[in-house]
Amino acid sequence: MITIGSNCIGCTKCVRVCPFGALSMVDKKAVVNSACTLCGACVPECPVKCISMPAKATPAADNSAYRGVWAFMEVINGGIRPVGYELLSKGRELADTLGEELCAVVIGDNMTPFFAEISSYGADKIYSLNGPSYKEYNTDIFSHAMIELIKKHKPSTVLYPSTYVGRDLAPRVAAEIHVGLTADCTGLSVNAERNLVQTRPAFGGNIMADILTPNHRPQMATVRPNVMKKVVLRAGSNAVVVNEVIPLSANAGRVKILSKHIDDVHSLDKLDEAEVIISGGRGMKNSSGFALLKELSEGLGGAVGASRAAVDLGFMPKDRQVGQSGVTVRPKLYVACGISGAVQHIVGMEASDTIIAVNKDPQAPIFNVCKFGIVGDAHQILPRVIEEVKKNK
Ligand SMILES: Cc1cc2nc3c(=O)[nH]c(=O)nc-3n(C[C@H](O)[C@H](O)[C@H](O)COP(=O)(O)OP(=O)(O)OC[C@H]3O[C@@H](n4cnc5c(N)ncnc54)[C@H](O)[C@@H]3O)c2cc1C
């Protein structure tokens, strides 16, 4: 936050220019609150120069001591979550640009059978922590393991999936080792100064921001599933496996999994990894419209998605929203019913292999991105499609 000196004359100029409502007047003096983003807009406005920005962060001792691009491989139900391979594929590009190693970090129980596949996505090295303590994700145990590995090997970059696990793990690690973290990146590259350019939507998705972490290492980012493309580079087990043993922390037993409840209907995991997605928009009109989508998705073994308008109308929960401010998907088949095709929806599903659209308006923009389009009332068309699917099952 900015600091306001005691010589404030209460002119209110800073309050008026603050774009975030972070300044207000109390007892005729300006005061700042936690909405301050350090944008600096208020500083030149002050006629008595009483506003100061915090001192710049001191550069890390030596960034060049940190080398290697790491991808954290999330384990789910005893297997590697596909987003891990997406991180490796992007990580390979970054590592090649930097001239550094690409390393996968695998924390789990009996994960060796997956090492050949991890290697095929270009990993030079696999840091493996193996044992029953790592069978299920546990915040204390996994964050301790990551922190110790990072301190020992000093990577320049660490990528995590933007999943429930990644979003829990990465901030803990970042806070503990005092580095930044950029969440939900949609683009990653390396600039001329060898810094990671972390691109993500900002201000509600209205602009794309490039975020740099020039003074600290490692640079850490989370990446949403289905945003980066998976690229198999080679067959076989070329990666060097480094078996690590890290004593459990004193906190290891603090959190225990007592029981598990898997909610099929609202499972985000199912949406971002589904091969078939039947999505509905405002045009589905009500929850019985969505019941048709559910019936079709069950017939095809898929998941139900929604546009933001449908979510706002309460037809589906927020974690079902496909698009810029929802989930990015890349299924084999995406069926968009009663969805107009706004750009914010399209960016979340355009990488699907085959897109089919059902819309009663022949001019709807969704028809510009679909492979097959049906002009008509989804409420009349879907029951016929469901009937055919049932017949052919
Ligand atoms: C910063 C920002 C982020 C956003 N993020 C997202 C996001 O992540 N995901 C997202 O989806 N949107 C997002 N939006 C909103 C987006 O701009 C659109 O408003 C939204 O996608 C529209 O949803 P829709 O297509 O369901 O509704 P509409 O645009 O209202 O379209 C409804 C469609 O249904 C058709 N229709 C009506 N009745 C029938 C029928 N009986 N049978 C067949 N078709 C019918 C109509 O012809 C129309 O094309 C975002 C917007 C902003 C500003």
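Modeller: A crossing of two helices is left-handed if the near helix is turned anticlockwise from the far one by less than a right angle, and right-handed if clockwise. This is a predicted model, in which local features need pLDDT of at least 70, side-chain atom pairs count only at pLDDT 80 or more, and totals for chains, interfaces and linings use all residues. Residues are numbered from 1 along each chain as its sequence is written, and side-chain values use heavy atoms, with hydrogens and water left out.

Biologist: Which hand does the crossing of H7 and H10 have, then?

Modeller: The crossing of H7 and H10 is left-handed.

Biologist: What makes H7 and H10 roughly parallel to each other?

Modeller: Helix H7 (residues 287-300) and helix H10 (residues 378-392) pack at an angle of about 25°, with their axes 10 Å apart. Angles under 35 degrees count as roughly parallel, over 145 as roughly antiparallel, 65 to 115 as roughly perpendicular and the rest as oblique, and H7 and H10 are therefore roughly parallel.

Biologist: Which residues of H7 and H10 meet?

Modeller: With contact taken as heavy atoms within 4.5 Å, the residues in H7 include Leu292, Leu293 and Leu296, and those in H10 include Leu382, Ile386 and Val389.

Biologist: Why are H4 and H5 called oblique to each other?

Modeller: The axes of helix H4 (residues 139-153) and helix H5 (residues 164-177) come within 9 Å and cross at roughly 50°. H4 and H5 are therefore oblique, and H4 passes H5 in a right-handed crossing. Among the residues that make the contact are Phe142, Met146 and Ile150 of H4, together with Leu169, Arg172 and Val173 of H5.

Biologist: How do you know that the peptide bond from Arg217 to Pro218 is cis?

Modeller: The omega of that bond, from Arg217 to Pro218, is near -5°, and Pro218 lies in the loop between strand S14 (207-211) and strand S15 (219-223).

Notes
Axes fitted to C-alpha atoms, helices over the stretch in contact; angles between N-to-C directions. Helix = DSSP H or I, 4+ residues; strand = E, 2+ residues; numbered from the N terminus.
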